[in-house]
Amino acid sequence: MKIKQLSLFIENRTGALSAPCSLLAKAGINIVTLSLADTQNFGILRLIVKDWRKAEKLLSSHDFTVKTTDVVAIEIDDRPGGLANILGVLEKSALNVEYMYAFPSGKDGKAVLVFRFEKPDEALKVLSAEGVNVLGEAHLFKD
Amino acid sequence: MKSVRKRKTAPTSVTSPDFLQEDRLQKIQIERLRKIVSRAYGHTELYRRRMDAKGVKAEDLKSLEDIGHLPFTVKNDLRDTYPFGLFASPMSEIVRLHASSGTTGKPIVVAYTQQDLDVWTDSMTRTFAACGLHSGDIIQNAYGYGLFTGGLGAHYGAEKLGATVIPVSGGNTDRQLMILQDFGTTAFCSTPSYFTFMLERASEMGIDIRKLPLRAGIFGAEPWTEEMRAHIEKSSGIKAYDIYGLSEITGPGVGSECECQDGLHVFEDYFYPEIIDPKTGKVLPEGEEGELVLTTLCKQAMPMIRYRTRDITMIIPEKCECGRTIRRIRRINRRSDDMLIIRGVNIFPSQIESAILAVEGTLPHYQIVLSREKGLDHIEVQVEVTEKVFSDKVGALEELQSRLVQALENVTSIRIGVRLVAHQTIKRSEGKAKRVIDNRDQKQGNLQ
């Protein structure tokens, strides 16, 4: 139950971020969540969108450098200790996280964590065994 | 110890070959030319093959004009025979090797016998003498010591002159300035751009160079302009001299300005100059602009026969007011190829291309951007990020960036900044890609 994430290369300059976002806006593609990694010279914009195939095609055709990556979305209780709990599980199982980001879920009292694991399949096995609520596309993009 | 030494007068002896009568000089030149061509033919396969193909022999050289029958030698010949293929002496007689950048990955290697070093030292001694230096001068040598010919070439010439040499080598500007103030330096050797950078730093530190004993700058290894000279002389109160040389021929010491600062005298008893049309290869008369071709008249370890320097200049027909009879070439400020000279280091765009190709496996769109800050040249290579190398992980892209920097440093020997840029941001051109964007303003020198 992996989720597709789109990553875009963004130069560190004015307007670099707005170009892909307005392109998606015009196409009516909603961004469920995003994270931006920045360095001195460049950034990487990571996006979760429902119709990722359409978004990828659109962005590529407009000369953006796009990559799709498998990430894992996890639903947790939106309360103190919710994240720490999951991280405890990961640490115990020696699962390496490349990066992660989070957003409040549409549901009351829930939040979603997006994890980019070094080995996503291995991570999925461990998380299921631990009874963690891993979200599939159907859940994540529920209207 | 401030410079309290007395300066000797009569800097240059009139017995120097610089002042030989024209017919005497030409007699020496033709004798040496025959000898060197016969040596090259006898010891170097490439010369033998080329001369045989043209059906020309050393004995055919009756006058200096006959040099035009000999085949040219080009930089790629040094690459193709890398490392030692053009040597005309056994290793047991070669006492020194230097190297400079080639047109792609590998450098070119040059060799010297003891006699070659003596000739080189003599030509550098004459360079310093032409710039009005002599025993008693304190010469701070900021040319890089090492494989680059600048440092050691200037060093031995200065010692032979009887001057005091401070072998600082390049870089470390604050230390250069400390030595400049404390040791009573009277002459400074570096690239002109490094010296202008040092002037900037001096002014930031509140040091007034005009109040120091420094009186001459011996500047070379890169093209510079009259405007830059005017700026240097005005802000430092020194005389700024242009010198010329290239590793393939000997290193610095091929030619030098004299105190008239009006063209560079070529030490033509050692290095015979011709000007050719770079397109047709035809020899041009004095006073016409073309590509400088040099023949080493005395070099044993690695004779260069009609070496095409790619530097555009002309031989000045008029006699120089200084009395030197050896001819002058006009100051060089452009080339007939795409070689870039950054802080005295020769860089070919093809080297940059081969480095990027080696890292990425395929060639992305890239461009080389040159700029000048505080008189110092900067080079940045912008490389478009392709889907092949793009990653969602910052670390992976930063690693790519540092691998590019490393590969560029390996081929060029200087650290070049790499900027990853987005796809399609480098302007596409029809036909030949414009790889080099030169934002240095040569005229102004951007010296403010």
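# Two chains, domain by domain

Reader: Which domains does the domain assignment of chain A give?
Author: Happy to start there, with bounds that come from an automatic or database domain assignment. Since the model is predicted, local features need pLDDT of at least 70 and side-chain atom pairs count only at pLDDT 80 or more, while totals for chains, interfaces and linings use all residues. Residues are numbered from 1 along each chain as its sequence is written, and chains are lettered from A and ligands numbered from 1 in the order in which they are written. For chain A, the assignment gives domain 1 (3-69) and domain 2 (72-140).

Reader: Which strand gives the most to the side of domain 1 of chain A that touches domain 2 of chain A?
Author: The C-alpha centres of domain 1 and domain 2 of chain A are separated by 23 Å. Their contact takes six residues from domain 1 of chain A and eight residues from domain 2 of chain A (two residues are in contact if their C-beta atoms, placed from the backbone, lie within 7 Å). With three residues, the greatest contribution on the domain 1 side comes from strand S2 (residues 31-38) of chain A.

Reader: What pattern does chain A follow along the sequence?
Author: Helices (H or I, at least four residues) and strands (E, at least two) are DSSP runs, numbered from the N terminus. Chain A has five helices and seven strands. Read in sequence order, they give β-α-β-β-α-β-α-β-β-α-β-α.

Reader: Why is chain A as compact as a globular protein of that length?
Author: The radius of gyration is taken over C-alpha atoms, and the globule rule is 2.2 Å times the number of residues to the power 0.38. For 143 residues the rule gives 15 Å, so chain A is as compact as a globular protein of that length, with a close value of 16 Å.

Reader: How many residues of H4(B) are buried?
Author: Helix H4 (residues 114-130) of chain B reaches 24 Å from its first C-alpha to its last, close to the expected 24 Å (1.5 Å times one less than its number of residues). Its buried residues include Trp120(B), Met124(B) and Phe128(B), and among the elements that cover them are helix H5 (149-161) and strand S7 (239-246) of chain B. H4(B) is mostly covered, since of its 17 residues the buried ones number 12.

Reader: Which strands of chain B stand at the edges of the sheet?
Author: Two strands pair if DSSP finds at least two bridges between them. The open sheet has nine strands with mixed pairing, in the order S4-S3-S5-S6-S7-S8-S9-S14-S13 (chain B). Each edge strand has a single partner strand, so one side of each is left without a neighbour in the sheet; these are strand S4 (164-166) and strand S13 (315-316) of chain B.

Reader: What is the bridge partner of Glu257(B) in S9(B)?
Author: S8(B) and S9(B) run antiparallel and are joined by three bridges. In S9(B), Glu257(B) has as its bridge partner Leu264(B).

Reader: Which helix gives the largest share of the side of domain 1 of chain B that touches domain 2 of chain B?
Author: Chain B is divided into domain 1 (17-336) and domain 2 (342-438), with C-alpha centres 31 Å apart. Their contact takes 14 residues from domain 1 of chain B and 16 residues from domain 2 of chain B. The largest share on the domain 1 side is five residues, from helix H7 (residues 192-204) of chain B.

Reader: Which elements give two or more residues to the side of chain B that touches chain A?
Author: Between the chains, the contact takes 17 residues from chain B and 16 residues from chain A. The elements of chain B that give two or more residues are helix H10 (394-412) and strand S20 (417-421).

Conventions: Buried ≥ 20, exposed ≤ 12 C-beta atoms within 10 Å, placed from the backbone.
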